[in-house]
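Visitor: Could you take me through this fold step by step, beginning with the pairing of its strands and ending with its helices and charged pairs?

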Amino acid sequence: MRLFALFLAFGAAGCVQPPERPVDREERFAFRTARTPYAAAICIGRNAKGRSGVTAEERLLGETSMEVVVRSGSRSGDTLAVAQVIRDGSFSNVSILVTKLVRADGDGFARALMAGC
């Protein structure tokens, strides 16, 4: 009971920060490709790096999955999107989370990352 009273006191004093706003469902886009996770991640990274002011990093997730983190090329290096590529039989499923920092069309940004992949 004392712990609850203490927590309530800190909350009332403004010492407890509210959690960040959860990601909107509209910001996640799903794709399917005939490429391996590695080949798809390299393709997504190449598409991202081809955009002005954008960098990308491909990395391995477990034994059969890849991730591509797309960041702003500015000093802040804010994350613009994260693509996860997971093997599904002879295909790969790609889930791209476009952050709110992409002010334009999130769907168009995700499709541009997947172009030709």
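Guide: Strand 2 and strand 3 run antiparallel and are joined by eight bridges, where strands (E, at least two residues) and helices (H or I, at least four) are DSSP runs numbered from the N terminus, and where two strands pair if DSSP finds at least two bridges between them. This is a predicted model, in which local features need pLDDT of at least 70 and side-chain atom pairs count only at pLDDT 80 or more, while totals for chains, interfaces and linings use all residues. Residues are numbered from 1 along each chain as its sequence is written, and side-chain values use heavy atoms, with hydrogens and water left out.

Visitor: Which residue in the turn between strand 2 and strand 3 has a positive phi?
Guide: The two strands form a hairpin with three residues between them, and within the pairing Thr 55 stands opposite Arg 71 of strand 3. The turn residue with a positive phi, of about 70°, is Gly 62.

Visitor: How many bridges join strand 3 to strand 4?
Guide: These strands also form a hairpin, with six residues between them, and Gly 77 there takes a positive phi near 60°. Val 68 stands opposite Ala 83 in strand 4. The two strands run antiparallel, and the number of bridges joining them is seven.

Visitor: In what order do the five strands lie in the open sheet?
Guide: Strand 1 and strand 5 run antiparallel and are joined by six bridges, with Phe 29 having Ile 96 in strand 5 as its bridge partner. Strand 1 and strand 2 each have a single partner strand, so they stand at the edges and one side of each is left without a neighbour in the sheet. Neighbouring strands are turned against each other by 20° on average, direction ignored. The pairing is antiparallel, and the order is 1-5-4-3-2.

Visitor: Is Ser 65 buried or exposed?
Guide: Ser 65 lies in strand 3, which spans residues 65–72, and seven of the eight residues of that strand are buried (under 20% relative accessible area, with exposed over 50% and partly exposed in between, using a 1.4 Å probe and protein chains only). Leaving aside neighbours within four places in sequence, Ser 65 is in contact (heavy atoms within 4.5 Å) with Pro 37, Leu 60, Val 85 and Ile 86. Because its relative accessibility is 12%, Ser 65 counts as buried.

Visitor: At roughly what angle do the axes of helix 2 and helix 3 cross?
Guide: Cys 43, Ile 44, Asn 47 and Ala 48 in helix 2 meet Ala 112, Leu 113 and Met 114 in helix 3. Axes here are lines fitted to C-alpha atoms, for helices over the stretch in contact, and angles run from 0 to 180 degrees between N-to-C directions. Helix 2 and helix 3 are oblique to each other, a class that takes what remains once angles under 35 degrees are called roughly parallel, over 145 roughly antiparallel and 65 to 115 roughly perpendicular. The axes come within 7 Å, and they cross at roughly 120°.

Visitor: How far apart are the closest N and O atoms in the salt bridge of Arg 32 with Asp 88?
Guide: A salt bridge is a side-chain nitrogen of Lys or Arg within 4 Å of a carboxyl oxygen of Asp or Glu, and a search of the whole structure finds six. Arg 32 is partly exposed at 48% relative accessible area, and Asp 88 is partly exposed at 34%. The closest N and O atoms of Arg 32 and Asp 88 are apart by 2.8 Å.
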